[in-house]
Amino acid sequence: MNTINAKPYPYSLPDKAPALIIIDMQRDFVETGGFGSALGNDVTLLTKVIPVIEKLLRVYRRLNLPVIHTREAHQADLSDCPPSKRRRGNCSIKIGDPGPMGRLLIDGEPGNNIVPALQPLEGEYDIAKPGKGAFYATPLHDILKQQGITHLIFAGVTTEVCVQTTMREANDRGFECLLVEDATESYFPEFKQATLDMITAQGAIVGWTATSEQVIQAIEKTYG
Ligand code: TIU
């Protein structure tokens, strides 16, 4: 059986390829004027993962393997946004308020779209999620079960918020999860490192991590 040379020990690849799950690579988090900057963050810290995720996507698309994109998105009437979530953050504009890229974190607004370099193609899932975790109030678990997918490879932002929450949800549902170290980023570099460490601690208590190079090499060898 082929493996990815991952931390804390090799990650075994099954016959059915792992899905690539790209979390929330939206303009709202990586461009000035979106939700991320409304929360007071330096959004430029996140842009360096875009070319790395592009590389992973190219391999997945060439080998015709399953790709799932997620977006943190609320309905226009905010019926799926708990008031507690909207109140959170010490910012002048909140979820649903108008900003330079449209209403913050609202499905269909320009700022809620995935960045141009990583736009989903036909045949790839594009899942709008009202929570930080991608399993909460979405069809993600049913999609994975229908396709017989047991292993998930994660990329996207931010490491300790939506990525980690989703990985923990997936881990509790029995999926074998791996996070690509250079394909995820946080507004807080120390939180990214702490998240990688806590995922792999205690013998992969939440899952594995590996570099994009290690992942691509093993995926091409196994499924190419
Ligand atoms: N604020 C922050 O770090 N993240 C989020 O609000 N959402 C995601 O991580 N996608």
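Threonine 158 sits in the loop between E8 and H6. The bond that joins valine 157 to threonine 158 is a cis peptide bond, with omega about -20 degrees. Keep in mind that this is a predicted model.

There is another cis peptide bond, from lysine 7 to proline 8, and there omega is near 0 degrees. Proline 8 belongs to the loop between E1 and E2.

Lysine 7 comes up again for its side chain, which meets the side chain of glutamate 181 in a salt bridge, 3.8 Å from N to O. Lysine 7 is in the loop between strand E1, residues 3-4, and strand E2, residues 11-12, while glutamate 181 is in strand E9, so the pair ties together parts that lie 174 residues apart in sequence. Over the whole structure, the search finds twelve salt bridges.

One more backbone item. Asparagine 64 has phi near 55 degrees, a positive value in a residue other than glycine. Asparagine 64 is placed in the loop between helix H3, residues 49-62, and strand E4, residues 67-72.

Now the sheet. What is the order of the six strands in the open sheet? Reading across, the order is E7-E4-E3-E8-E9-E10, and the pairing is parallel. At the edges stand E7, residues 125-129, and E10, residues 208-210; each has a single partner strand, so one side of each is left without a neighbour in the sheet. Ignoring direction, neighbouring strands of this sheet are turned against each other by 25 degrees on average.

Strand E9, residues 176-185, runs parallel to E10, and three bridges join the two. For valine 180, the bridge partner in E10 is alanine 210.

H7 lies across E9 and E10 and runs at about 155 degrees to E9. Helix H8, residues 212-223, lies across strand E8, residues 151-157, as well as E9 and E10, and runs at about 130 degrees to E9.

I'll start with H7. Helix H6, residues 159-172, packs with helix H7, residues 189-204, at an angle of about 15 degrees, and their axes are 10 Å apart. That angle makes H6 roughly parallel to H7. The crossing of H6 past H7 is right-handed. On the H6 side the contact is made by Thr159, Glu160, Gln164, Met167 and Arg168, and on the H7 side by Phe191, Lys192, Thr195, Met198 and Ile199. Sorted by class, the contact of H6 with H7 has four nonpolar, three polar and three charged residues.

Then H8, with H3. The axes of H3 and H8 come within 11 Å and cross at roughly 5 degrees. This makes H3 roughly parallel to H8. From H3, the residues are Val52, Lys55, Leu56, Val59, Tyr60 and Arg62, and they meet Ser212, Val215, Ile216, Ile219 and Glu220 in H8. How many nonpolar, polar and charged residues does the contact of H3 with H8 have? The tally is seven nonpolar, one polar and three charged.

To go back over the backbone points: the cis bonds include valine 157 to threonine 158 and lysine 7 to proline 8, and asparagine 64 has the positive phi. That is what I have; questions, please.

Definitions and conventions. Residues are numbered from 1 along each chain as its sequence is written. This is a predicted model: local features need pLDDT of at least 70, side-chain atom pairs count only at pLDDT 80 or more; totals for chains, interfaces and linings use all residues. Side-chain values use heavy atoms; hydrogens and water are left out. Axes are lines fitted to C-alpha atoms, for helices over the stretch in contact, and angles run from 0 to 180 degrees between N-to-C directions. Helices (H or I, at least four residues) and strands (E, at least two) are DSSP runs, numbered from the N terminus. Angles under 35 degrees count as roughly parallel, over 145 as roughly antiparallel, 65 to 115 as roughly perpendicular and the rest as oblique. A crossing is left-handed if the near helix is turned anticlockwise from the far one by less than a right angle, and right-handed if clockwise. Contact means heavy atoms within 4.5 Å. Ala, Val, Leu, Ile, Met, Phe, Trp, Tyr, Cys and Pro count as nonpolar, Asp, Glu, Lys and Arg as charged, and the others, Gly among them, as polar. Two strands pair if DSSP finds at least two bridges between them. A salt bridge is a side-chain nitrogen of Lys or Arg within 4 Å of a carboxyl oxygen of Asp or Glu.
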